[in-house]
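Let's take a look at how this one packs together. Here are the sequence and the model.

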Amino acid sequence: LHFMGDVPFKTVYLHAMVRDEKGEKMSKTKGNVIDPLDVVRGASAEQLQPSLRNKFPQGMPAFGADALRFTLASLTQQGRDIKLSLDRVAGYKAFTNKLWNASRFALMNMGSYRWDGSDVKALPLGLADRWILSRLDHAVAKTNEALETMQFAEAAGTLYQFLWGEFCDWYIELAKGSLYGTDEAAKDATRAVLVFCLDRILRLLHPFMPFITEEIWQKLPMARPVESICIAPYPVADAKLRDDAAEAEMAPVVRAIEGVRTLRGETNLSPAQKVEAVIQSPDARALETLARWKHYLLPLAGLSSATFSEPGAKPSQSAVCVTGELEISVPLAGLIDFAEERARVQKEIAKAEQEATALGKKLENAGFVARAPAELVQETKARVEELRVKRQKLTEHLGRLQ
């Protein structure tokens, strides 16, 4: 104020106290101090406080500044102290690796392509392209809304879910059909969408992860309006990208793929094992959609073939999954040893029942409920419910096997 004659900050955000993962205040006396620079750069066991030395007897690995920043943002909620768990920091380091690998995949498949900044909606887009652009706009709108109200954890969660759960796990896999195909127009359209999405993802993430976002942004094959991402405009929602029809059309495709993957997991089928699927539904539109986008369904679900029909007789000796309006059957004859699989499932059921019984007795103990930390009691209840759901699914699966 004295030297510049101006108020330096119009808004000041007071964040909560950062405590250790048990919720205790950091103290050198307690030996639970976490030095941010050790988290960023790594440290030898001798440099660490006693509690951390027990956790990292060989020394603390370097998690990086981006992972630490994102962790703090994701844990920042009004009215709550931050319990800094280094396991969470490690999880967000994996998130930075996910971003790096997704970007590397896109760049490896660009060839000589360079996006000229033209309207992506004017390109010959496939369903997956239209879907991801619409989902991106939802993420942009939700992130801006959260930041304007200083809901930093919600903003971080939105970006995490979109990048990992939609862009990486779904769009990149769906895009491989175009990128590895022979239709050059479709290939270039997908390349444009990849660059368009990455540009906006990186700018959305930049305040949370400044280093990796700058590094990748500088390598995108496009014209950059400014020399650094830190002065590039922050993305804003664009109604032209919204495509409710694409989202509605993609929904049964996603459900079908997830349904087959669920059956694979329940029956211990190898991901490399190609299977057949019979998909039945009273919704003729859903069946027509699945037939039209069969080239998405087959590779992502690991199917050799798929047939679509109205509800009727099921294939014998098949595993069945009901998801929404779809009933998915995967014939298992010749793929698994039924006797061996029944024995495995019965063993899993017994193991789940044994653990649930032990935890139930603990919760019935009034002393445990009264003296144990509330979080531990809640975790125990959540585990009991998780085991109940697991037993139910395993029992249903056993019934199908019999």
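Start with a pair of alanines: Ala277 sits opposite Ala306 in E4. Strand E3 (residues 275-280) and E4 run parallel and are joined by six bridges; strands count as paired if DSSP finds at least two bridges between them. Helices (H or I, at least four residues) and strands (E, at least two) are DSSP runs, numbered from the N terminus.

A quick word on provenance: this is a predicted model, where local features need pLDDT of at least 70 and side-chain atom pairs count only at pLDDT 80 or more, while totals for chains, interfaces and linings use all residues. Residues are numbered from 1 along each chain as its sequence is written, and side-chain values use heavy atoms, with hydrogens and water left out.

Back to the sheet: it's open, with four strands in the order E4-E3-E6-E5 and mixed pairing. E4 and E5 stand at the edges with a single partner strand each, so one side of each has no neighbour in the sheet.

| Strand | Residues |
|---|---|
| E4 | 303-309 |
| E5 | 318-323 |

Now the nonpolar cores, meaning sets of buried Ala, Val, Leu, Ile, Met, Phe, Trp, Tyr and Cys residues joined through side-chain atoms within 4.5 Å; buried is under 20% relative accessible area with a 1.4 Å probe, protein chains only. The largest has 91 residues, and Phe167, Ile201 and Met250 have the most contacts inside it. Helix H6 (residues 152-179) gives the most to this core, with 13 residues. A second, separate core of 13 residues includes Ile34, Leu48, Ala67 and Leu68.

Technical notes: Buried < 20%, exposed > 50% of the residue type's maximum accessible area, 1.4 Å probe, protein only.
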